[in-house]
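Please look through the structure below with its sequence beside it.

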Amino acid sequence: MKVNPAVIAKNLLNDLGLNDPCAVDIEDLIIYHNGIVREVNLPNCDGRMIMKHGRAIVSVSSAIEYPQKRRFVLAHELGHILLHSENEASFTDDDSTLEGYKKGPQEVEANDFASELLMPESLFRECCFRNKFTPELIRSLSEKFNTSLTSIVYRFIDYGNHPICAFYSKNGKIQYWKKSNDFKVWIPDKNKLDVPSDSVANEYYTYNRIYRKKDSAQEISKSTWFTLGKYDEDTPMYEFCIITPRYNTVLSVVWEK
Amino acid sequence: MMENKKINVDGLIDSLLNMTKNHPEILDDMLRERGYNPEQLERNGIAQIKGLMFRAQVNQKKQQQENLYAKALSRFETAKADTKEVILSLLRERAPKLQFRNLEKLEEDDLKEILNESDILDLMEQIDKSDIA
């Protein structure tokens, strides 16, 4: 029978009486499921989980800068423990699996589980309600839900109150994009191509420019990231970049006011 | 005259208990009259008890797992001079059911770490069983 990661996450919170998902200690949940969490030097990945005899060792990279990101990695590994541990299993997770652009079904499931555990859909929708979309909103949601900015962006695409599009690039090449269903734009096949020369992402890759928080919403044109239709005007849009220097990656969030 | 008007509090409580025993919905009505949501109160109470049980189990398991891990680690020989191929085949041999994802891409040191962790989990299982026995 096909598992539904979101239902498993909801049931877990309910079964353990955890009313406030933002305050849940994910390490405790791993311990509860017979796991041990170690913070170690993992040069090639963010997290690793090995499971045998119903026990698990979860290793999390000591190089992760933000506790919110660490929390998402742990929730992702907990997803593997609960969803994919038929007695013995080993998973190694880096940006490609945590971002979900390598669409292995097990990685997508672990990400879906982690997202619902940390940012339950109903609460997320409630927190977005009547809030104007800005980079500040993404930052405040990240603080509220105590999880990474990146995971908030992907959740916002699914359940936010304003259409946005996110382009994930690594070493200057686009790897993956995802947009809200109601964001009506035409996106040609951009994967593996260079980021647009007039994009904010390119400013980082070319000039190492990172904007300060208050300037993080930069004006661009619709044609920067999207193909204009016959009757489209090249209207202003905005780009906000979430940069991870350790992997040399940029998540460009693009939206219209 | 005053004595006749004295209220028998114990008697009142007893009659209230008897009445609510047969008609528990009366208590819900009383809570509602005072502005409470009895269903929500019940849910909160249950969640609180579940939460306390969860915390107690986490504390117990944390101690247990840490002891086992420390014992396994102390018995473990870390230095392994095997090559990447040997380690990979050793991993497959020791854990044929293990799901290998991305393993081929990993560096030798990462593979050794996984082998170590796999060994530690084996040792933890052995120690746990021998402790029980």
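This is a predicted model. Side chains of opposite charge can pair when their charged atoms come close.

A further pair also crosses between the chains. Here the side chains of B:Glu125 and A:Arg55 meet in a salt bridge, at 2.8 Å from N to O. B:Glu125 sits in helix H5 of chain B, and A:Arg55 in strand S3 (residues 55–61) of chain A. B:Glu125 and A:Arg55 are buried.

Now turn to a pair within chain A. A salt bridge of 2.7 Å, N to O, connects the side chains of A:Asp194 and A:Lys173. This pair links distant parts of the chain, 21 residues apart: A:Asp194 is in the loop between strand S6 (173–179) and helix H9 (200–207), while A:Lys173 is in strand S6 itself. How exposed is A:Asp194? Its relative accessibility is 52%, and exposed means over 50%, so A:Asp194 counts as exposed. A:Lys173, at 35% relative accessibility, counts as partly exposed. Salt bridges can also share partners, and in this way A:Arg55, B:Glu125, B:Asp128 and B:Lys129 are joined into one network. Over all chains, the structure holds 22 salt bridges.

The next stop is helix H8 (residues 149–159) of chain A. Of its 11 residues, 8 are buried, so the helix is largely enclosed by the rest of the structure. Among the buried residues of H8(A) are A:Ile152, A:Val153, A:Tyr154 and A:Phe156.

The largest nonpolar core has 58 residues, and the members that touch the most other members include A:Val153 and A:Phe156, along with A:Ile26, A:Leu29, A:Leu117 and A:Leu141. Helix H3 (residues 67–83) of chain A gives the most to this core, with 7 residues. Which residues does A:Val153 touch, not counting those up to four places away in sequence? They are A:Ile138, A:Ile164, A:Ala166, A:Ile242, A:Leu251 and A:Val253.

Key. Residues numbered from 1 in each chain as written. Chains lettered and ligands numbered in written order. Predicted model: local features only at pLDDT ≥ 70, side-chain atom pairs only at ≥ 80, totals over all residues. Heavy atoms only, no water. Buried < 20%, exposed > 50% of the residue type's maximum accessible area, 1.4 Å probe, protein only. Helix = DSSP H or I, 4+ residues; strand = E, 2+ residues; numbered from the N terminus. Salt bridge = Lys/Arg side-chain N within 4 Å of Asp/Glu carboxyl O. Core = buried A, V, L, I, M, F, W, Y, C linked by side-chain atoms within 4.5 Å. Contact = heavy atoms within 4.5 Å.
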